[in-house]
Structure formats: C-alpha cells, structure tokens
Amino acid sequence: MATGIVGIGNMGRPIAEHLSEVGETLVLWNRSPEKAEGIPNSIIASTPRAVAEGSDIILSILANDAALQTVYHGPGGLLEADLTGKIIVELCTTSPQTVEALEKAVVARGGMFVECPVSGNVVPARSGQLMGLVGASPEAFDRAKPLLSKMTRRLEHLGPVGAGAAMKLAVNLPLMVYWSALGEALGLALTKGVDPSLALDILGDSSGAIGAAKKRIPPIHDMLVKGDPGGVSFTLTNAIKDMKLMTDLAKDNGSPNGVICAVLAKAEAAAAGGWAAFDNSLVGVYGQGNKGAKA
C-alpha cells in the first residue's frame, strides 16, 4: 500500500519529495491540486477520504485548526473512510486538546493515531532531517516509526497523544522570543549610532545568538535598511497562531506566560501594521524606523 499525504504546502511538498526519493509510493491530496503535481511515484486523489482509502498510513500536514476540521470532519474527509488497520499521523502544530480529540475520532473509525509535530523548516524537511516529537500509544508509535524515521534526524516518543503538541510549543517558544529580543537589542545599539550592519553582525556572532540567527540576520538587515522583507520560511501569521496556543496552554495549566504574552503583543501589532505575511524573524525590527516594505 502507498503512503498518503494530505496537505502539500510549504512543508508538505518537501516532505513528499523526500519520501518519493527514498522509495515511497504516494497518494496526495491538496486543496489546490496543482501544488501536488510533479512529484515522482505519486498520484493525486480527489478527497482526503480517497487518500485514506488508498493508503495504509496517512500523513496530515496542515496549517491550522480550521484546516484540520475540514480535512478530518468535512465532506470527503478522512473520517468518512473506514480506517480499520490504518494509521493517521498528524504533523500540524496545534494544542494537546485538539490532537486528543482527533485520536478519539480516528479510533472510533477503527484506526490508530499518532501526533508528530516536527521542528525544522523546508530545508531539513526536504533532506529528511527534521526532529519529530511524537505523542502516541506504544503500538501506534511502533507502526509509524519506520516511515517517520525516513523523515527525521531525531525521533522522540514523548508519551501519549498531547505530549508531542506540548513539546512542540515548548520548542517554538524560545525562537519566538529571540526574534523580538534581537530587535530590541539592535535598537539599543542604534541609539548610539552603531552601524546596523555591524551591530547585527556582532549580535549574530555573540554568545546570545541562536543557530538560526546567521541565516536570518541578512534579511532582517535588508528589512531594516531597505524595507525589503525578502523570502518567507514561517509567516508571522503562523507564529501568532503558535503563540496563542502557547499562552492558552500555559493559562490552562497555571504555568508562567508573561514573556510569551509580551512577544505576542509585539507580533500582533506588527501583523496589524501590514507585516502578517512576512517572515516572523523580522518582527523585532517592526517600529525601528525602517522604510517600509516594497510593494
């Protein structure tokens, strides 16, 4: 049987291309079918239900909870299929409550369910070097592990469904904080006339820099001095979605959330200012006196 994939978007496409290269036969579905064209060893299905019916393991790689609702519960959705003997792996970053509800719905249709939100962007997705954060029963994890191992450099089974979602939000939180903190740090240097290029170079070479800083500092510089937002790896809209999930989870469980709440407020202001479709790494320089985005 083939491997099914629903959602051939920013992450789904490189994952599908990689799996095709390592020998998987694929059944694909995307809301815009043309985005699924041209992948070797694949066919394009008309509905998520058709993907489930033609596959024994299905990867769901969707953007948000609205897409999840449509693909699982909508007309022609995954849950219209008989899932007996099949396993669905959900890669979307969402809340523990959402994946727990999805597990119950899939089991009720005879299937098994694994959540595996991944850490990494399109580059490791294309080369099979993501980090997979799994929540599942031991039996479901054992079923999904051979395929997930082809997609990941590190695959961790963290506990039952819900544990993966919590860990993914934990992984993303420091990254969200860093981009805002980098902008504020840059602002301190600029108050005394330090050249922006030099200031960003030093910040990227400092002990406070994260691994992604060197790659993203050039576009941050271009946004600051040229008003050019450049390419997008992870939009500010998606970052805001994740931050809201973080604050909700913290509130529900009585965890501290003051830092991420402050970052969320900054991000929402930038989105309202027209930056929603820009890469989230630019958020720190919003309001820094840049010339604005190119039309």
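Start with a cartoon view: the protein has 11 helices and 9 strands. Both are DSSP runs numbered from the N terminus, with helices (H or I) of at least four residues and strands (E) of at least two. This is a predicted model, in which local features need pLDDT of at least 70, side-chain atom pairs count only at pLDDT 80 or more, and totals for chains, interfaces and linings use all residues. Residues are numbered from 1 along each chain as its sequence is written, and side-chain values use heavy atoms, leaving out hydrogens and water.

**The whole protein.** Turn the model around: its C-alpha trace spans about 65 × 45 × 35 Å along the principal axes. Of the 295 residues, 47% count as buried, meaning under 20% relative accessible area with a 1.4 Å probe and protein chains only.

**Helix H1.** Next, select residues 12-21. How much of helix H1 is buried? The count is 7 of its 10 residues, so the helix is largely enclosed by the rest of the structure. Colour Gly-12, Pro-14, Ile-15, Ala-16, His-18, Leu-19 and Ser-20 to see the buried ones. Now show what covers them: the cover includes strands E1 (2-6), E2 (26-29), E4 (55-60) and E8 (130-135), along with helices H5 (122-127) and H6 (138-151). Just after H1, click on Gly-23, which takes a positive phi of about 105°.

**The largest pocket.** Select Asn-10, Met-11, Ser-233, Phe-234 and Asn-238, which lie nearest the centre of the largest pocket among its 50 lining residues. A pocket is an open set of points on a 1 Å grid over the protein atoms alone, with protein on both sides within 12 Å along at least five of seven lines; lining residues have an atom within 4 Å of a point. The space in this pocket is about 1600 Å³. Which helix gives the most to the lining of the largest pocket? Highlight H7 (163-190), which contributes 7 residues.

**The largest cavity.** Finally, select Met-176, Trp-179, Leu-236, Ala-239, Met-243, Val-263, Ala-267, Asn-280 and Val-283, which line the largest cavity. In a cavity, a 1.4 Å probe fits but cannot get out. The volume here is about 30 Å³, counted as the space filled by probe spheres set on grid points joined across faces, edges and corners. H10 gives the most to this lining, with 3 residues.

Key: Buried < 20%, exposed > 50% of the residue type's maximum accessible area, 1.4 Å probe, protein only. Contact = heavy atoms within 4.5 Å.
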